[in-house]
Amino acid sequence: MPFTSVQTARLRAVAVAVVWFNIALTAPAAGSPSSAEGWQALRERRFNDAGPAFARAMEAAPDDRPLAVGRASALLTAQPRTRANVEKADALLARLESGDDEAAITARYLRARVAEAHLFEPDHKLAASRYETLIATAPGHPLAQMARVKRVMLRVFVLGDDPEAELHRAEALAGEFGDGHSRRDYHLVMARGYLLLNREKERALDHLRAAAAEEFTLASNEADTLVALGELARELGRAELARESFGRFLEGHPRDERRHLVQTLLAALPAAGRP
Amino acid sequence: MSRINQIGILLLLAVFGLASWRMAERMWRGASHGGEGVLLRFAHVTIHPGIIRAYDEAIRDYEKLHPGVRIEQVPVPLRVWPAWLRTQMIGGTGPDLADMDRGQPDEFLARFFLPFDPWLDDANPYNAGTPLEGLSWRRTFVDGLSNRPGYRPGLQQVFGIPLTVATIRVFANADLMREVGGGDAPPRDYGEFMKLCEAVDAYSRRTGRPIVALAGSSTHTLPLLTRLFSSQTQTLSREINPRRTLALRPRDAALAYLRGDWSWRTPAVADGLELIREVGRHTVEGFVQLQREDSLFHYSQGRALMLATGSWEADTLMAEAPFRHVVFPIPIPRAGEGRFGANVLGPPSELAVSPGNAVGVSRGTRHPEIAVDFLRFLTSRDVSRKVMGDSNRLSATAGVEPPESIAAFAPMAEGYPAGFGPEFSDVSGTGAGDAARIYRSYLHELVSLGGSVEGFTRTMEARFGPAVTADLRHSVRDSARNGALEDAILAAARLGPDQSARSVARRLRMMEAQTQRELDAAEASYVLRTAGRNRGSAGAAAFLPP
């Protein structure tokens with residue numbers, strides 16, 4: 001028996017109710033501001049969610065410069081990566097880099113990173129020159145300090161024909177770090193450079209010592225630095241320094257597989273006061 | 001409207017309605033159970049009955065303490081776990097608590113799991129009255145939650161709470177050991193181990209019984225061979241390490257190879273190959289092609305005297321093998337003694353053994369506080385001792401001694417860093433690369449009856465260099481890729497609204513880790529660029545301490 005028109009209308013109503021019920025169940029929570037949503041998506045590595053969130057946020061605030069940096073960051077990390085997105089992001093950052101606000105400085109830093117790490121064919125010379133621009137225009141900013149470290153790395157290991165000469169040139173930077181984290185990283189890069197080239201161990205020792213004096217946020221990095229400082233000091237006959245560094249390592253890293261070896265080396269050092 | 005159309009619509013509505021109801025039920029069931037309670041689903045792959053029983057008892061105890069909370073275990077076989085978890089999470093029907101260390105990538109964890117950081121600095125209330133009372137939850141774990149799998153360096157956050165740690169030991173069938181003339185005491189060093197292997201061969205020839213000394217498979221034999229080989233490279237690893245860190249990572253050893261600081265004919269490396277050949281001859285021919293189940297079967301059936309495996313399989317072996325076991329550490333040569341002792345510093349330290357069985361909390365859970373609270377309970381000192389005792393595993397909670405049944409698995413604190421292994425499986429930055437494939441593909445040239453150290457060495461001389469070069473190039477690209485993703489996270493941390501102390505600390509950790517990784521990549525780039533020019537220029541002796 002066919003349905004009457006009333007029954008058909010009721011059926012339609014039920015269908016509509018069920019569909020709305022499902023939509024209500026699956027709809028995202030309303031009212032979340034999409035600018036915060038974009039930043040949060042980036043922080044949580046949900047890169048493909050970040051782009052649309054920043055696009056929505058920028059519709060409401062088209063002149064918001066930090067949001068534009070977020071939009072560029074989302075373009076750089078959207079998966080799958082495309083050359084077009086990298087170019088678009090670089091162009092967007094280029095428009096933001098004039099000025100001296102946080103957005104401008106971050107844009108300058110990110111443009112150097114685009115050349116170093118985001119381009120499909122990295123352009124290390126361009127990266128170094130962009131780092132130099134940032135350092136020249138905002139020398140005291142933490143990102144410029146970080147840029148100094150990255151530029152030293154590029155010059156010594158990647159660009160320079162004479163890494164030892166590059167290391168010597170970079171010695172002049174030692175006094176330019178106001179930020180302890182960047183200073184630590186600078187000294188570690190310098191020490192690793194000398195050690196890899198197997199040159200000027202005393203200088204490597206000085207850099208390791210300077211790095212060890214700074215604060216570490218990664219326990220493994222601190223442990224490696226203290227062990228390397230102790231071992232190099234031992235090798236160079238600096239027993240007191242070796243003792244001090246090995247002692248700090250043993251005190252701060254109770255679960256490191258090198259403990260027993262370090263204890264053995266420590267016990268074999270000449271007693272305090274002897275050469 | 002025709003009758004057929006009407007029936008079709010009715011059916012469609014019925015199915016749609018039922019699906020909607022099921023979906024709503026699932027969502028509400030997470031919020032309340034039985035009208036007033038809470039139901040949490042805990043999914044994991046440790047499906048051995050002993051472990052499930054041990055978890056069940058802990059769950060019942062937790063439920064008694066928290067009336068109204070019910071926790072349901074969802075055991076899932078390992079083979080289907082990745083697909084199962086992905087489907088459940090994407091479908092919005094994922095468990096509240098789940099294993100998170102089964103190959104899940106950072107992106108997956110960040111999307112579907114909660115970081116534990118907000119809870120780690122508070123004390124675990126279930127440790128009241130124990131020596132761990134008052135310590136932050138983080139500090140109650142043997143590694144302070146500073147290692148994988150719980151801690152994810154790519155995210156610089158803790159996404160999993162580990163329940164266990166693991167060590168590797170050799171199991172021997174005690175009855176068979178006596179029968180072949182090996183006595184009751186386990187071998188104390190490599191020399192005694194080889195005598196036992198030879199006794200098995202002699203027994204097999206004498207009686208015609210087809211048994212081998214070591215059960216063989218890629219899962220169980222390759223780690224044993226790696227451990228033996230790396231005993232021979234302990235001293236060499238110190239000598240060729242420009243960083244002076246007293247521990248050489250596989251990538252450092254790979255770079256040292258390209259610099260010409262060692263070759264497959266370096267005496268210590270050649271001795272390592274000799275060791276592999278000696279031991280490899282006492283296992284099943286073609287073991288690289290065999291799987292875990294094959295070697296477990298061989299051992300449990302008495303067709304192999306010994307099996308080298310991890311503490312995670314102790315409960316299975318004890319429950320299922322119909323004989324008593326003797327358990328002992330992998331017998332490396334004694335330092336300074338015998339043919340292989342000159343290269344050895346000593347037994348490898350197990351202070352830094354990796355935690356495992358890490359459990360995460362789903363972002364989709366309606367009850368993150370209760371899910372975290374249950375994990376606090378499960379990892380408290382007394383509960384962990386009971387659960388691990390009942391399931392013969394080693395606890396990741398600090399100060400929990402292993403149960404008597406697996407005392408032989410207790411991590412050895414006194415020991416030395418291992419040397420580099422022959423596999424180089426971590427060089428590429430994304431798991432086993434070309435060098436590992438070369439090693440596994442040609443290992444038969446070393447261990448088979450017709451094989452030889454010389455033959456294998458020639459093969460490696462021809463193939464290892466290009467393979468490890470490819471792996472290092474891959475690692476440099478991988479570093480750039482990771483760095484690029486971190487740039488966006490760091491920009492968000494700098495310009496986004498969350499400027500809390502925790503957020504700043506995470507940013508600083510990520511920056512430090514990025515610099516370290518990029519420094520590694522820059523060094524690799526330099527060595528790759530100059531390897532041809534400078535090969536052998538530094539030489540092993542160059543880094544030798546006086």
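**Strand pairing and its setting**

Modeller: Asp99(B) stands opposite Val359(B), a residue of β11(B). The model discussed here is a predicted one. The pairing in question joins strand β3 (residues 97–99) of chain B to strand β11 (residues 355–361) of chain B; the two are antiparallel, with three bridges between them. In general, strands of a sheet pair through backbone hydrogen bonds, in either the parallel or the antiparallel sense.

These two strands are part of an open sheet of six strands in chain B, with the order β2-β1-β3-β11-β6-β12 and mixed pairing. At the edges of this sheet are β2 (69–75) and β12 (394–395) of chain B, each of which pairs on one side only.

Chain B also holds an open sheet of four strands, ordered β8-β9-β7-β10, again with mixed pairing. From one strand to the next, the twist averages 25°. Within this sheet, strand β7 (residues 168–173) of chain B and β10(B) form an antiparallel pair over four bridges, and Asn173(B) faces His325(B) of β10(B).

Two helices lie across the four-stranded sheet. Helix α7 (residues 190–207) of chain B lies across β8, β9 (304–310) and β10 of chain B, and runs at about 140° to β9(B). Helix α12 (residues 292–300) of chain B lies across β7, β9 and β10 of chain B, with an angle of about 135° to β9(B).

The account now passes from chain B alone to its interface with chain A. Here 78 residues of chain A are in contact with 81 residues of chain B. The two chains bury about 7,400 Å² between them, and carbon and sulfur atoms give 61% of that area. Arg43(A), Arg45(A) and Arg255(A) supply 14% of the area that chain A buries against chain B, more than any other three residues.

One of these three, Arg45(A), also has a backbone feature to note: its phi is near 60°, a positive value in a residue other than glycine. Arg45(A) is located in the loop between α2 (34–43) and α3 (47–60) of chain A.

As to polar terms, 28 residue pairs are in polar contact between chain A and chain B, both residues being at pLDDT 80 or more. Helix α1 (residues 5–26) of chain A gives the most to the side of chain A that touches chain B, with 10 residues. By residue class, that side of chain A divides into 41 nonpolar, 16 polar and 21 charged residues.

Side chains of opposite charge can pair when their charged atoms come close. The rule finds 13 salt bridges across the interface of chain A and chain B. One such bridge links Asp224(A) to Arg243(B), with the closest N and O atoms 3.5 Å apart. Over all chains, a search of the whole structure finds 76 salt bridges. Arg192(A) forms a salt bridge with Asp520(B), where the closest N and O atoms are 2.6 Å apart. Because Arg192(A) lies in helix α10 (residues 180–197) of chain A and Asp520(B) in helix α19 (residues 501–534) of chain B, this pair joins two chains.

Two peptide bonds complete the description. Most residues other than glycine have a negative phi, and most peptide bonds are trans. In chain A, a cis peptide bond joins Gln79(A) and Pro80(A), with omega about -5°; Pro80(A) is in the loop between α4 (65–77) and α5 (83–96) of chain A. In chain B, the peptide bond from Arg148(B) to Pro149(B) is cis, and its omega is near 5°. Pro149(B) belongs to the loop between α5 (117–120) and β4 (151–152) of chain B.

Conventions:
Residues are numbered from 1 along each chain as its sequence is written. Chains are lettered from A and ligands numbered from 1 in the order in which they are written. This is a predicted model: local features need pLDDT of at least 70, side-chain atom pairs count only at pLDDT 80 or more; totals for chains, interfaces and linings use all residues. Side-chain values use heavy atoms; hydrogens and water are left out. Contact means heavy atoms within 4.5 Å. Buried area is the accessible area (1.4 Å probe) that two parts lose on being put together, summed over both. A salt bridge is a side-chain nitrogen of Lys or Arg within 4 Å of a carboxyl oxygen of Asp or Glu. A polar contact is a pair of N or O atoms within 3.5 Å; within protein, one must be able to donate a hydrogen and the other to accept it, and residues adjacent in sequence count only if both atoms are side-chain atoms. Ala, Val, Leu, Ile, Met, Phe, Trp, Tyr, Cys and Pro count as nonpolar, Asp, Glu, Lys and Arg as charged, and the others, Gly among them, as polar. Two strands pair if DSSP finds at least two bridges between them. Axes are lines fitted to C-alpha atoms, for helices over the stretch in contact, and angles run from 0 to 180 degrees between N-to-C directions.
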